[in-house]
Amino acid sequence: MVNILQILLFILPAYVANSTPVIFGGGLPVDFKMKFRGGGRILGDGKTWRGLLAGICFGSLTGLLEAQLCYSAVIPPSLCMNFIALGFALSTGTMLGDLAGSFIKRRMGIKRGHPSIILDQLSFLLFAMLLSLPYMPDGLLAVDSIVILVALTYLLHVLSNIVANRLGLKRVPW
Ligand code: CTP
Ligand code: MG
């Protein structure tokens, strides 16, 4: 039986990393405005250094906070894991997956900010999971927890984009 609370605590740094760039992003794009083989932009203006660093910083901070909550026994020991390493691995993976998703979108001719149901929702999750593999607690790498993570990510992504759009942070609700 997978513990949904454990799954939430595990993936939280990735979600934080994924949502901070929309608030703190802007400025110099990661691809320095360069084009790919003379075609379109490598990544586009939606991927900036500030967003990338903000995601890794706030995601890692989330892991530190979780570790602190374990240390002070607010989070029960049975739900604790290597939150410090996980926070860094998950948020770095999240940001790399986000870049990879945009790279593929641009190669497919999808313009910056236009949706791709698969790439927007799941590329960050896949990369976050891959980078966090060495620190993943036993039992979490199971089909049922992966299904829960995919469903949860999908749901939260859709909901948070609607909220960001309503708050005027994003032009489009996806
Ligand atoms: N953002 C950023 N840096 C990043 C990721 C995101 O500055 N590394 C900011 C950008 O302002 C971006 C917003 O967060 O517009 C929303 O992120 P996302 O939906 O991932 O980017 P899109 O603009 O939709 O671009 P793409 O089509 O490439 O996904
Ligand atoms: Mg987008």
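This is a tour of a predicted model, stop by stop, with what to select and what is there.

Before starting, note that residues are numbered from 1 along each chain as its sequence is written, and that chains are lettered from A and ligands numbered from 1 in the order in which they are written. Because the model is predicted, local features need pLDDT of at least 70 and side-chain atom pairs count only at pLDDT 80 or more, while totals for chains, interfaces and linings use all residues; side-chain values use heavy atoms, with hydrogens and water left out.

**Stop 1: ligand 1**

A polar side-chain atom of Thr 48 is 2.6 Å from an oxygen atom of ligand 1. For Ser 102, an N or O atom of the side chain is 2.6 Å from a ligand 1 oxygen. For Arg 112, the corresponding separation from an oxygen atom of ligand 1 is 2.8 Å. On its own, ligand 1 has 560 Å² of accessible area, and the protein covers 86% of this. Accessible areas come from the Shrake-Rupley method with a 1.4 Å probe; for residues, only the protein chains shown count as cover.

**Stop 2: Lys 47 and Asp 98**

The term means a side-chain nitrogen of Lys or Arg within 4 Å of a carboxyl oxygen of Asp or Glu. Lys 47 lies in the loop between α2 and α3 and Asp 98 in helix α4 (residues 83-107), so the pair ties together parts that are 51 residues apart in sequence. Helices (H or I, at least four residues) are DSSP runs, numbered from the N terminus. Both Lys 47 and Asp 98 are buried. Buried means under 20% relative accessible area, exposed over 50%, and partly exposed in between (1.4 Å probe, protein chains only).

**Stop 3: a salt-bridge network**

Side chains of opposite charge can pair when their charged atoms come close. The model has 5 salt bridges by the rule above. Select Asp 31, Lys 33, Arg 41 and Asp 45, which are linked in a network of salt bridges.

Asp 45 is partly exposed, with 35%.

**Stop 4: Thr 153**

Select Thr 153, in helix α6 (residues 143-166). With a relative accessible area of 1%, Thr 153 is buried. Its side chain makes a polar contact with the side chain of Tyr 15, at 2.8 Å. A polar contact is a pair of N or O atoms within 3.5 Å; within protein, one must be able to donate a hydrogen and the other to accept it, and residues adjacent in sequence count only if both atoms are side-chain atoms.

Leaving out residues up to four places away in sequence, Thr 153 touches Tyr 15, Gln 121, Phe 124 and Leu 125. Contact means heavy atoms within 4.5 Å.

**Stop 5: Leu 140**

Leu 140 is in the loop between α5 (117-132) and α6. Its relative accessible area is 2%, so Leu 140 is buried. Leu 140 and Phe 10 are 130 residues apart in sequence, and their C-alpha atoms are 9.0 Å apart in space. Not counting residues up to four places away in sequence, Leu 140 touches Gln 6, Ile 7, Phe 10 and Ser 145.

**Stop 6: Leu 96**

Last, select Leu 96 in helix α4. Leu 96 is partly exposed, with a relative accessible area of 39%. Beyond residues up to four places away in sequence, Leu 96 touches Phe 127 and Leu 131.

Terms used:
Helix = DSSP H or I, 4+ residues; strand = E, 2+ residues; numbered from the N terminus.
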